[in-house]
Amino acid sequence: LATKAANKQYNIVVAVGGDGTINEIVQGLAHTNTALGILPCGSGNGLARQLKMPLLSIKKCLEIIKKGNTILADIGMAGSEYFINLAGIGFEALIAHKFANSKTRGALPYFEIGFREYIKFRRIKFYITPDNSKRLVMKPLCVVFANGKQYGSNFTIAPDASLNDGFLDMIVLPHANPIKMLLGMGNFFIDKSSPIRLTNCTKIKEVEIYAKKDFEYHIDGEPRRSNGTLKIKLLPKAIKLIVK
């Protein structure tokens, strides 16, 4: 539907939903002149929160869309598909797969699944080559490729990420024991609330990922599976995005 609207040169297509709905619509609007508007009706609303959309007022969101202020935003590409907010591998990709099959939505079931799966999660070895530089070998808890800042529900994984800076933030979360994880979790909700830093960040434009077996990944929370290789890259100024 978004592709048809863009082909007919509609000015705006509005995503009524959360990050998953936005992701589907981005597939049709990337590299077109049709702008993406958002009515945040999802469970996490990560992108809408970053854009400071008034989550509790559809009327105010419609007023923002009507004004039509836009920016040219970057998007990412994972394999042959686009993402506008986050993509990732490792533990968070597993959670995306489990959450997709959950009968309930929202932050609580997301964290319930996370705590349950964390204890039995088995890390795999990844060979990661960012920007054609030295290959990194790691067995992380997860690696996030962030164009936006947060998953949703104010869980901020990439506080320095920008939608139009021409880079993805590669956030590596190494394995940590449960106590360290709990002590450092506060930083994901309130920056610098804990002295324990769990992640490190590198600005990149593209990355090649290899593992010796199939692995799960996600695009904007939508679960996908790779056959052992995955290329992720940034596409600068690839979509018109309506902002306040």
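View 1. Helices (H or I, at least four residues) and strands (E, at least two) are DSSP runs, numbered from the N terminus. In a regular strand the side chains alternate between the two faces of the sheet.

Residues are numbered from 1 along each chain as its sequence is written. In this predicted model, local features need pLDDT of at least 70 and side-chain atom pairs count only at pLDDT 80 or more, while totals for chains, interfaces and linings use all residues; side-chain values use heavy atoms, with hydrogens and water left out.

View 2. Two strands pair if DSSP finds at least two bridges between them. Strand 7 (residues 136-138) runs antiparallel to strand 6, and three bridges join them. F126 has M138 of strand 7 as its bridge partner. The hairpin of strand 6 and strand 7 has five residues between the strands. In this hairpin, D131 takes a positive phi near 50 degrees. Strand 13 (residues 206-210) is also antiparallel to strand 6, with four bridges between them. P130 stands opposite V207 of strand 13.

View 3. Strand 14 (residues 215-219) and strand 15 (residues 222-226) run antiparallel. Five bridges join them. I219 faces E222 of strand 15 as its opposite residue. Two residues lie between the strands of this hairpin. D220 takes a positive phi near 55 degrees.

**View 4. The largest nonpolar core has 33 residues****.** A nonpolar core is a set of buried Ala, Val, Leu, Ile, Met, Phe, Trp, Tyr and Cys residues joined through side-chain atoms within 4.5 Å. L36 and I75 have the most contacts inside this core. Several elements each supply at least two of its residues, including helix 1 (2-7), strand 1 (12-17), helix 2 (19-29) and strand 3 (70-78). Strand 16 gives the most, with five residues. Which residues does I75 contact, leaving aside its neighbours within four places in sequence? With contact meaning heavy atoms within 4.5 Å, I75 touches V26, A30, Y82, F83, I84, N147, K233, L234, L235, A238 and I239. Another core, of 24 residues, lies apart from the largest one. Among its residues are V144, A161, I171 and L198.

**View 5. Helix 5 is largely enclosed by the rest of the structure****.** Helix 5 covers residues 91-100, and eight of its ten residues are buried. These are F91, E92, A93, L94, I95, A96, H97 and F99.

**View 6. K203 links two aspartates.** A salt bridge is a side-chain nitrogen of Lys or Arg within 4 Å of a carboxyl oxygen of Asp or Glu. The whole structure holds five salt bridges. K203 meets D165 at 3.2 Å, N to O. K203 sits in strand 12 (residues 200-204) and D165 in the loop between strand 10 (155-156) and strand 11 (168-173), so the pair ties together parts 38 residues apart in sequence. K203 also forms a salt bridge with D169, with the closest N and O atoms 2.8 Å apart. D169 lies in strand 11, 34 residues from K203. Is D169 buried or exposed? D169 is buried, at 1% relative accessibility. K203 is partly exposed at 36%, and D165 is partly exposed at 28%. Shared partners join D165, D169 and K203 into one network.

**View 7. R197 and D191 form a salt bridge****.** Their side chains meet at 3.7 Å, N to O. R197 is partly exposed, with a relative accessible area of 47%. D191 is partly exposed at 44%.

**View 8. K52 lies in the loop between helix 3 and helix 4****.** K52 is exposed, at 60% relative accessibility. The C-alpha atoms of K52 and V243 are separated by 8.5 Å. Along the chain, these two are 191 residues apart.

Methods. Buried means under 20% relative accessible area, exposed over 50%, partly exposed in between (1.4 Å probe, protein chains only).
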